[in-house]
Amino acid sequence: METAPLIITCAPIGAELTKEDTPYLPVTPDELAEAAVNAVEAGAAIVHLHVRDENGRASQRVDIFSEVTEKILARCDCIVQYSTGGAAGTPLGDRLAPLSLEPEMATLSMGTINFGAEVFENTETTIQAIATAMKSHHVFAELEIFDAGMLDSVARLRKQHWFPERYHVDFVLGVPGGLGGDLRNLMFLRDRLPRAATWSVAGIGKYQLPLTAHAIAMGGHVRVGFEDNIYFRKGELATSNACLVKRVVRMAAILDRAVASPAEARRIIGLPGRPG
Ligand code: KMH
Ligand code: ZN
(Lines give C-alpha, C1' and ligand atoms only; values in the text may rest on other atoms or scores of the structure.)
(Ligands and ions follow the chains in the order given, each with its own letter.)
Protein backbone atom coordinates (compact mmCIF):
# COMPACT_ATOMS: atom_id res chain seq x y z
CA MET A 1 0.00 0.00 0.00
CA GLU A 2 1.28 3.46 -0.88
CA THR A 3 2.35 5.62 2.07
CA ALA A 4 0.09 8.63 2.63
CA PRO A 5 1.59 12.10 2.27
CA LEU A 6 3.20 13.42 5.43
CA ILE A 7 1.05 15.70 7.58
CA ILE A 8 3.17 18.34 9.31
CA THR A 9 1.69 20.06 12.34
CA CYS A 10 3.30 23.22 13.65
CA ALA A 11 2.89 24.13 17.34
CA PRO A 12 4.26 27.67 17.37
CA ILE A 13 4.06 28.68 21.04
CA GLY A 14 2.55 26.34 23.66
CA ALA A 15 1.69 27.52 27.15
CA GLU A 16 5.00 27.38 28.96
CA LEU A 17 7.63 29.37 27.05
CA THR A 18 8.48 33.06 27.32
CA LYS A 19 10.60 35.44 25.24
CA GLU A 20 13.30 34.82 27.84
CA ASP A 21 13.52 31.23 26.60
CA THR A 22 13.74 32.35 22.99
CA PRO A 23 13.48 35.87 21.55
CA TYR A 24 11.94 34.32 18.41
CA LEU A 25 8.75 33.25 20.23
CA PRO A 26 5.60 34.62 18.54
CA VAL A 27 3.33 35.93 21.29
CA THR A 28 0.89 38.62 20.16
CA PRO A 29 -2.05 37.74 17.87
CA ASP A 30 -0.24 39.34 14.92
CA GLU A 31 3.01 37.51 15.67
CA LEU A 32 1.19 34.22 16.14
CA ALA A 33 -0.77 34.57 12.91
CA GLU A 34 2.39 35.52 11.00
CA ALA A 35 4.27 32.53 12.45
CA ALA A 36 1.39 30.18 11.64
CA VAL A 37 1.01 31.40 8.05
CA ASN A 38 4.77 31.19 7.48
CA ALA A 39 4.73 27.63 8.82
CA VAL A 40 1.86 26.70 6.50
CA GLU A 41 3.63 28.27 3.51
CA ALA A 42 6.68 26.21 4.49
CA GLY A 43 4.63 22.97 4.44
CA ALA A 44 2.58 22.62 7.61
CA ALA A 45 -1.06 21.55 7.17
CA ILE A 46 -2.15 21.87 10.81
CA VAL A 47 -1.48 24.66 13.29
CA HIS A 48 -1.76 23.59 16.95
CA LEU A 49 -2.80 26.79 18.66
CA HIS A 50 -2.31 28.20 22.15
CA VAL A 51 -2.71 31.94 22.71
CA ARG A 52 -1.45 34.52 25.19
CA ASP A 53 -3.12 37.52 26.82
CA GLU A 54 -1.86 41.12 26.72
CA ASN A 55 0.68 40.26 29.43
CA GLY A 56 2.05 37.30 27.52
CA ARG A 57 0.41 34.82 29.89
CA ALA A 58 -1.13 31.57 28.59
CA SER A 59 -4.85 32.12 28.10
CA GLN A 60 -7.92 30.25 26.87
CA ARG A 61 -9.81 33.49 26.16
CA VAL A 62 -12.32 33.08 23.35
CA ASP A 63 -11.75 36.58 21.94
CA ILE A 64 -8.01 35.98 21.49
CA PHE A 65 -8.50 32.54 19.91
CA SER A 66 -11.06 34.12 17.60
CA GLU A 67 -8.76 36.99 16.59
CA VAL A 68 -5.77 34.74 15.87
CA THR A 69 -7.88 32.19 13.98
CA GLU A 70 -9.43 34.87 11.78
CA LYS A 71 -6.00 36.30 11.02
CA ILE A 72 -4.65 32.87 10.06
CA LEU A 73 -7.62 31.75 7.97
CA ALA A 74 -7.77 35.06 6.11
CA ARG A 75 -4.38 34.16 4.62
CA CYS A 76 -4.36 30.35 4.26
CA ASP A 77 -6.56 27.27 4.36
CA CYS A 78 -4.80 25.28 7.08
CA ILE A 79 -6.45 23.18 9.78
CA VAL A 80 -6.48 25.19 13.00
CA GLN A 81 -6.32 22.88 15.99
CA TYR A 82 -7.07 24.47 19.36
CA SER A 83 -5.47 23.38 22.59
CA THR A 84 -7.91 22.21 25.22
CA GLY A 85 -4.97 21.39 27.48
CA GLY A 86 -4.03 25.00 28.12
CA ALA A 87 -1.33 25.23 30.78
CA ALA A 88 -1.00 22.77 33.66
CA GLY A 89 -3.60 23.87 36.21
CA THR A 90 -5.93 25.71 33.80
CA PRO A 91 -9.51 25.20 35.09
CA LEU A 92 -11.73 22.92 33.02
CA GLY A 93 -14.20 25.69 32.15
CA ASP A 94 -11.40 27.78 30.64
CA ARG A 95 -10.05 24.78 28.74
CA LEU A 96 -13.47 24.21 27.18
CA ALA A 97 -14.20 27.85 26.35
CA PRO A 98 -12.57 28.17 22.89
CA LEU A 99 -14.51 25.13 21.63
CA SER A 100 -17.53 27.44 21.34
CA LEU A 101 -15.79 28.88 18.24
CA GLU A 102 -16.17 25.44 16.62
CA PRO A 103 -12.58 25.01 15.40
CA GLU A 104 -11.99 22.27 12.86
CA MET A 105 -9.90 20.31 15.34
CA ALA A 106 -8.80 20.40 18.99
CA THR A 107 -6.62 18.36 21.29
CA LEU A 108 -7.89 15.94 23.90
CA SER A 109 -5.29 14.75 26.40
CA MET A 110 -5.87 11.17 27.46
CA GLY A 111 -4.63 11.10 31.03
CA THR A 112 -2.90 12.78 33.94
CA ILE A 113 0.90 13.13 34.05
CA ASN A 114 3.57 14.98 35.93
CA PHE A 115 4.52 17.82 33.60
CA GLY A 116 7.94 18.93 34.81
CA ALA A 117 7.32 20.27 38.29
CA GLU A 118 3.55 20.51 37.72
CA VAL A 119 0.67 18.11 37.28
CA PHE A 120 -1.24 18.11 34.01
CA GLU A 121 -4.54 16.76 35.26
CA ASN A 122 -6.87 14.86 32.96
CA THR A 123 -9.14 12.62 35.00
CA GLU A 124 -11.59 10.42 33.14
CA THR A 125 -14.34 12.89 34.09
CA THR A 126 -12.30 15.70 32.50
CA ILE A 127 -11.66 13.67 29.36
CA GLN A 128 -15.36 12.86 29.03
CA ALA A 129 -16.36 16.51 29.60
CA ILE A 130 -13.98 17.69 26.86
CA ALA A 131 -15.09 14.90 24.50
CA THR A 132 -18.73 15.83 25.12
CA ALA A 133 -18.10 19.51 24.40
CA MET A 134 -16.22 18.59 21.23
CA LYS A 135 -19.10 16.43 20.06
CA SER A 136 -21.66 19.16 20.64
CA HIS A 137 -19.49 21.72 18.79
CA HIS A 138 -18.63 19.28 15.94
CA VAL A 139 -14.90 19.46 16.67
CA PHE A 140 -12.63 16.61 15.57
CA ALA A 141 -10.34 15.40 18.36
CA GLU A 142 -6.62 14.75 18.18
CA LEU A 143 -5.98 12.40 21.10
CA GLU A 144 -2.79 13.41 22.92
CA ILE A 145 -0.83 10.45 24.29
CA PHE A 146 1.86 11.34 26.82
CA ASP A 147 2.33 7.87 28.31
CA ALA A 148 1.67 4.27 27.27
CA GLY A 149 -1.31 3.67 29.55
CA MET A 150 -3.16 6.48 27.83
CA LEU A 151 -3.59 4.23 24.77
CA ASP A 152 -5.44 1.76 27.00
CA SER A 153 -7.72 4.60 28.04
CA VAL A 154 -8.30 5.41 24.37
CA ALA A 155 -9.22 1.77 23.67
CA ARG A 156 -11.57 1.60 26.67
CA LEU A 157 -13.30 4.90 25.92
CA ARG A 158 -13.49 4.03 22.24
CA LYS A 159 -15.49 0.89 23.16
CA GLN A 160 -17.87 3.21 24.98
CA HIS A 161 -18.16 5.27 21.77
CA TRP A 162 -16.49 8.43 23.05
CA PHE A 163 -14.48 8.64 19.80
CA PRO A 164 -15.11 7.55 16.23
CA GLU A 165 -13.52 4.30 15.08
CA ARG A 166 -11.23 6.26 12.80
CA TYR A 167 -9.41 8.41 15.35
CA HIS A 168 -6.17 10.38 15.21
CA VAL A 169 -3.53 10.36 17.94
CA ASP A 170 -0.45 12.43 18.65
CA PHE A 171 2.31 10.75 20.67
CA VAL A 172 3.95 13.50 22.72
CA LEU A 173 7.21 11.90 23.83
CA GLY A 174 9.88 13.27 26.12
CA VAL A 175 7.87 15.42 28.55
CA PRO A 176 9.63 15.13 31.94
CA GLY A 177 7.04 12.98 33.73
CA GLY A 178 5.73 11.26 30.60
CA LEU A 179 7.02 8.51 28.30
CA GLY A 180 10.53 9.25 26.95
CA GLY A 181 11.50 9.86 23.34
CA ASP A 182 13.32 6.56 22.74
CA LEU A 183 12.54 5.14 19.31
CA ARG A 184 11.44 1.85 20.91
CA ASN A 185 8.67 3.72 22.70
CA LEU A 186 7.39 5.05 19.40
CA MET A 187 7.47 1.57 17.83
CA PHE A 188 5.62 0.11 20.82
CA LEU A 189 2.90 2.76 20.70
CA ARG A 190 2.51 2.57 16.92
CA ASP A 191 2.21 -1.24 17.05
CA ARG A 192 -0.65 -0.98 19.53
CA LEU A 193 -2.83 1.24 17.35
CA PRO A 194 -5.71 -0.23 15.37
CA ARG A 195 -5.35 -0.10 11.59
CA ALA A 196 -8.01 2.58 11.16
CA ALA A 197 -6.22 5.08 13.42
CA THR A 198 -3.73 7.65 12.14
CA TRP A 199 -0.81 8.91 14.22
CA SER A 200 1.63 11.74 14.59
CA VAL A 201 4.61 12.23 16.89
CA ALA A 202 5.79 15.31 18.76
CA GLY A 203 9.27 14.81 20.21
CA ILE A 204 10.14 17.18 23.04
CA GLY A 205 13.51 18.98 22.94
CA LYS A 206 16.34 16.81 21.68
CA TYR A 207 13.90 14.06 20.71
CA GLN A 208 12.21 16.18 18.05
CA LEU A 209 14.70 15.55 15.27
CA PRO A 210 15.24 11.76 15.62
CA LEU A 211 11.55 11.04 16.19
CA THR A 212 10.64 13.17 13.18
CA ALA A 213 13.06 11.19 10.99
CA HIS A 214 11.68 7.88 12.20
CA ALA A 215 8.05 8.93 11.87
CA ILE A 216 8.63 9.99 8.26
CA ALA A 217 10.21 6.61 7.52
CA MET A 218 7.50 4.69 9.42
CA GLY A 219 4.62 6.29 7.54
CA GLY A 220 3.41 8.38 10.47
CA HIS A 221 2.99 12.14 10.72
CA VAL A 222 4.91 14.75 12.69
CA ARG A 223 4.57 17.83 14.87
CA VAL A 224 7.34 20.38 15.22
CA GLY A 225 7.48 23.92 16.57
CA PHE A 226 8.56 25.94 19.56
CA GLU A 227 5.95 24.43 21.89
CA ASP A 228 8.00 21.24 21.82
CA ASN A 229 11.51 22.40 20.89
CA ILE A 230 13.16 25.79 20.46
CA TYR A 231 16.51 24.55 19.10
CA PHE A 232 17.57 23.98 15.53
CA ARG A 233 20.53 21.99 16.74
CA LYS A 234 22.33 21.63 20.07
CA GLY A 235 23.14 25.09 21.42
CA GLU A 236 21.59 26.93 18.43
CA LEU A 237 18.09 28.39 18.72
CA ALA A 238 15.75 27.98 15.76
CA THR A 239 15.04 31.48 14.45
CA SER A 240 11.45 30.70 13.48
CA ASN A 241 8.84 27.96 13.56
CA ALA A 242 8.93 27.95 9.76
CA CYS A 243 12.58 26.93 9.68
CA LEU A 244 11.75 23.83 11.75
CA VAL A 245 8.95 23.01 9.29
CA LYS A 246 11.25 23.59 6.31
CA ARG A 247 13.74 21.10 7.70
CA VAL A 248 10.98 18.46 7.93
CA VAL A 249 10.06 19.15 4.30
CA ARG A 250 13.71 18.60 3.29
CA MET A 251 13.85 15.38 5.32
CA ALA A 252 10.65 14.14 3.67
CA ALA A 253 12.09 14.86 0.21
CA ILE A 254 15.22 12.86 1.00
CA LEU A 255 13.07 9.97 2.23
CA ASP A 256 10.85 10.27 -0.87
CA ARG A 257 7.71 11.10 1.10
CA ALA A 258 5.28 13.67 -0.27
CA VAL A 259 4.07 16.41 2.07
CA ALA A 260 0.31 16.75 2.59
CA SER A 261 -1.57 19.93 1.74
CA PRO A 262 -4.31 20.90 4.21
CA ALA A 263 -6.89 19.33 1.86
CA GLU A 264 -4.91 16.07 1.77
CA ALA A 265 -4.52 16.17 5.55
CA ARG A 266 -8.31 16.45 5.91
CA ARG A 267 -8.75 13.39 3.71
CA ILE A 268 -6.06 11.35 5.49
CA ILE A 269 -7.43 12.08 8.97
CA GLY A 270 -11.09 11.98 7.94
CA LEU A 271 -12.05 15.58 8.65
CA PRO A 272 -15.22 16.78 6.99
CA GLY A 273 -13.61 20.12 6.00
CA ARG A 274 -14.40 23.74 6.66
CA PRO A 275 -17.94 24.85 5.77
CA GLY A 276 -18.41 27.33 2.93
N1 KMH B 1 0.61 22.82 28.01
C2 KMH B 1 0.48 21.45 28.41
C3 KMH B 1 0.33 21.34 29.90
C4 KMH B 1 -2.62 20.56 24.64
O5 KMH B 1 -2.27 21.53 23.98
O6 KMH B 1 -3.75 20.08 24.54
C7 KMH B 1 -0.65 20.76 27.75
C8 KMH B 1 -0.73 20.87 26.28
C9 KMH B 1 -1.68 19.92 25.64
O10 KMH B 1 -0.08 21.66 25.62
ZN1 ZN C 1 -0.34 22.25 23.25
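Predicted model: local features only at pLDDT ≥ 70, side-chain atom pairs only at ≥ 80, totals over all residues.
In which handedness of crossing does helix 7 pass helix 8? Residues are numbered from 1 along each chain as its sequence is written, chains are lettered from A and ligands numbered from 1 in written order, and side-chain values use heavy atoms, leaving out hydrogens and water.

**Stop 1: helices 7 and 8.** Select helix 7 (residues 208-218) and helix 8 (residues 241-254). Helices here are DSSP runs (H or I, at least four residues), numbered from the N terminus. The two axes come within 10 Å and cross at roughly 40°; axes are lines fitted to C-alpha atoms over the stretch in contact, and angles run from 0 to 180 degrees between N-to-C directions. As for the opening question, helix 7 passes helix 8 in a right-handed crossing (the near helix is turned clockwise from the far one by less than a right angle). Now show the side chains: Gln 208, Leu 209, Thr 212, Ala 213 and Ile 216 of helix 7 meet Leu 244, Arg 247, Val 248, Met 251 and Ala 252 of helix 8, contact meaning heavy atoms within 4.5 Å. The tally is seven nonpolar, two polar and one charged (Ala, Val, Leu, Ile, Met, Phe, Trp, Tyr, Cys and Pro count as nonpolar, Asp, Glu, Lys and Arg as charged, the others, Gly among them, as polar).

**Stop 2: helices 6 and 7.** Pick out Leu 183, Leu 186, Met 187 and Arg 190 of helix 6, which touch Leu 211, His 214 and Met 218 of helix 7.

**Stop 3: helices 1 and 2.** Jump to residues 29-42 and 62-73: the axes come within 9 Å and cross at roughly 40°. That makes helix 1 oblique to helix 2 (angles under 35 degrees count as roughly parallel, over 145 as roughly antiparallel, 65 to 115 as roughly perpendicular, the rest as oblique). Contact residues include Pro 29 and Ala 33 of helix 1, and Ile 64 and Val 68 of helix 2.

**Stop 4: ligand 1.** Zoom in on ligand 1: 14 residues surround it, the closest being Glu 16, Ser 83, Gly 86, Thr 107 and Glu 227 (a heavy atom within 4 Å counts as near). Display Thr 107, where a side-chain N or O atom is 2.6 Å from a ligand 1 oxygen atom. At Glu 227, a polar side-chain atom lies 3.0 Å from an oxygen atom of ligand 1.

Key. Helix = DSSP H or I, 4+ residues; strand = E, 2+ residues; numbered from the N terminus. Polar contact = N/O pair within 3.5 Å; in protein donor to acceptor, adjacent residues only side chain to side chain.
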